[in-house]
Every structure is written in C-alpha cells, then in structure tokens.
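Student: I have a structure to go through. Please take me through the terms as they come up.

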Amino acid sequence: MHVATDLSLYRNIFLCLVALTGVTVSIAFVDLGPWNVLVALAVASTKALLVLLYFMGLRWADRLIRFGVVSAVFAVLILLGGVLNDDFHRQIKRFQPVQEIRASLEDLRVRGLDGLPAREGD
Amino acid sequence: MSASESSHLEHQFDDAEQQFGAANLGMWIFLLTEIMFFGGILAAYAIYFVTFADVFEEASNHLSWEMGGFNTLVLLGSSFTMARAVAAAQSQGRAAQARWLIGTILLGLAFLGIKAWEYAGKFEDQLVPGRNFSVASEFAAVEELFFSFYFLLTGLHAIHMVIGIGLLGYLAARARRGDFDRSYFTPVEMAGLYWHFVDLVWIFLFPMLYLLGRH
C-alpha cells in the first residue's frame, strides 16, 4: 500500500491546509514591514511540506525519492540565495531607477524605434 | 501473482513492485525538473520584487485576493479528492474510484473557470501587458512588468492544470472500466503526484502574487 491506512488523515491534512490559507491571508493584512514576505513564504513552505509529506506520500516513499526532493529544493535555494546575494551587494545596480526606465519607455512609445539615437557604425 | 497483475507487468521488470518503483522514480525526476523550472522563474520574480518592492505591492493590489483565496481553497479541495482517488484505486471499487477522479476534475474546472473570469477582468481593466496596458501610476512600466509575471506564472500553472484534467479524464474512463485495483494502480498514483505538484506551485503563487500589498 502507498497510502495512509487511516483515510481521515487526508481530511485532516486538507483542514490544516485550509487553516494555513486563512493564516496566510490574515497575516498579509498586518503590516510587518519586510517580514510580511518572509512570513508568507514560511507559511507557504509549511503548506508545501504537508502536501509533499502526506498527499504526495513522501513520508512513505523510498529514501532515494526523498533525497531527490531535498536536492531539488536545495538547488532552487542556491539559485535564489546566489542571485539575491549578488543583487543586494552590487555596487553598480543592473537596474536603472524606475523613473529612468519609465522615461525611456515613454520615449520609445512617443518616438518609436526610429527615434533612438543611431549606434556607431550604423 | 494475480491475473490483473501479470497482465500489467511489462516484460523488462521482475515484478510489479520493481515496475512501480521505476514509474515512481521517473515521475519524481520529472517533478524535480518542474521544481527547478518554476524555481527559475520565481528567482527572476524575486529580483524584480526586491528591486521594485513598492511598485509590485501596488500592482498586486489590482488583483482580487478574494478570488485568488477562493481558488486556493478550490485547489486544496481538489488535492484532497485526488488523494482519496489514489486511495480508492487501491482499496475501493470502480464506481468510487471514478467518483473521486471526477470530483477532482470538477474542482479543477472550477479553478480554471474562476481563473478565466479573473483574466477577463484584467483584459477589461487594461491590465494585460502590451499595447493597451494602462494604469494610473507613475511607474506604469514596472506595474506592467508585474503583470507580465502574473500572466506568465498563472498561465503556466493553468496549462499544467489543463494537462492534468485531461489525464484525469482518461484515468476516470479507465477506472470506470475496472482497470485499477490493489495490484495495479500506478497511473492513478502518478497522476496524483502531478496534480499535487500543481497544487504546490499555487500554494506559493497565491501569496506572492495576490497578497503582496495588503498590509
């Protein structure tokens, strides 16, 4: 068998997920500053863990499968960590301030591509 | 070995257990690539969010958290019925199996219906990136960027759901025919893994898209 022997487990997990959705929504209306996003992600991760462990049966799965899932999540965390770390510590920002972007986009809209200054050698 | 087990056992496998293990591993590897696929887009989203947090919060408030929240509940419900369908495939008759699968399909269709309604609203409110995009904001270009992510992420998610509903329809027909029992239920369990994964993606999309600027 690849399922819980007691089927009420699924209902209980579902109710937990509904409750956690309520938590997500109510916390979103409280101003926690930068913590809002982090708390929302923490709650979402808890919900994801419940889905993985019980609905997807990771709790009863082979070690190989569990190891694979942990590796994939770890890879995504490396990606996020590396990318955000880079972004936070850049001296020269890759992104222009929004005003500049807006100005150049407006410019593009008004003048079209033909209005762009010619590149060298064109 | 029961008659149905032997008829489902492909010749390259020693026994049903090994055959299931192979299918399971293959499905999980596919899902791991999906985690990294969505992870990559979420990383891009994260960069723009930390760069333009204020504007993204403002843009996020154009979305209806009530609709998103309701859809979250619908999708969680469909995951519940899917889990019961997998259990039914192993321990219940064909009628019960088909019932849980069809219940999952109906909830999936409900989700897509609400999503379509939301999309229609976005078209009406000129929030679809492109020529007609228009918001009364100083940073309209950045809001447009937010909506590009919104449509990319929810669109990819919806495509996954359409595929999932197709799979479940096929499985419901097979369940009704009596294809699945204690000795063979691999397709239902694999479709279940896929369906739960789609639910899992939405669990992250909902707070990241709908709830950014509510505080």
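Tutor: Start with axes: they are lines fitted to C-alpha atoms, for helices over the stretch in contact, and angles run from 0 to 180 degrees between N-to-C directions. Helices are DSSP runs (H or I, at least four residues), as are strands (E, at least two), and both are numbered from the N terminus. This is a predicted model, in which local features need pLDDT of at least 70, side-chain atom pairs count only at pLDDT 80 or more, and totals for chains, interfaces and linings use all residues. Residues are numbered from 1 along each chain as its sequence is written, while chains are lettered from A and ligands numbered from 1 in the order in which they are written.

Student: At what angle do α1 of chain A and α4 of chain B cross?

Tutor: Roughly 165 degrees, for α1(A) (residues 8-28) and α4(B) (residues 65-91), whose axes come within 10 Å. That makes the pair roughly antiparallel. The cut-offs: under 35 degrees is roughly parallel, over 145 roughly antiparallel, 65 to 115 roughly perpendicular, and the rest oblique.

Student: What is the handedness of the crossing of α1(A) and α4(B)?

Tutor: Right-handed. A crossing is right-handed if the near helix is turned clockwise from the far one by less than a right angle, and left-handed if anticlockwise. Among the residues that make the contact are A:Y10, A:F14 and A:L17 of α1(A), and B:W65, B:L73 and B:F80 of α4(B). Two residues are in contact if their C-beta atoms, placed from the backbone, lie within 7 Å. The contact residues of α1(A) with α4(B) divide into ten nonpolar, three polar and two charged. Nonpolar covers Ala, Val, Leu, Ile, Met, Phe, Trp, Tyr, Cys and Pro; charged covers Asp, Glu, Lys and Arg; the others, Gly among them, are polar.

Student: How many residues of each chain take part in the contact between chains A and B?

Tutor: 42 residues of chain A are in contact with 42 residues of chain B. On the chain A side, α1, α2 (35-55), α3 (63-88) and α4 (98-111) each supply at least two residues. The largest share, twelve residues, comes from α3(A). By class, that side has 32 nonpolar, five polar and five charged residues.

Student: Why is α3(A) said to lie largely in the open?

Tutor: Of its 26 residues, the number buried is one, so α3(A) lies largely in the open. Buried means 20 or more other C-beta atoms within 10 Å of the residue's own, exposed 12 or fewer, and partly exposed in between, with C-beta atoms placed from the backbone. Of the 122 residues of chain A, 18% count as buried.

Student: What makes B:A87 buried?

Tutor: B:A87 has 25 C-beta neighbours inside 10 Å, so it counts as buried. Its place is in α4 of chain B.

Student: Why are α6(B) and α7(B) called roughly antiparallel?

Tutor: α6(B) (residues 140-177) and α7(B) (residues 186-210) pack at about 160 degrees, with axes 10 Å apart. They are therefore roughly antiparallel to each other. Their crossing is left-handed. By class, the contact has 16 nonpolar, four polar and no charged residues.
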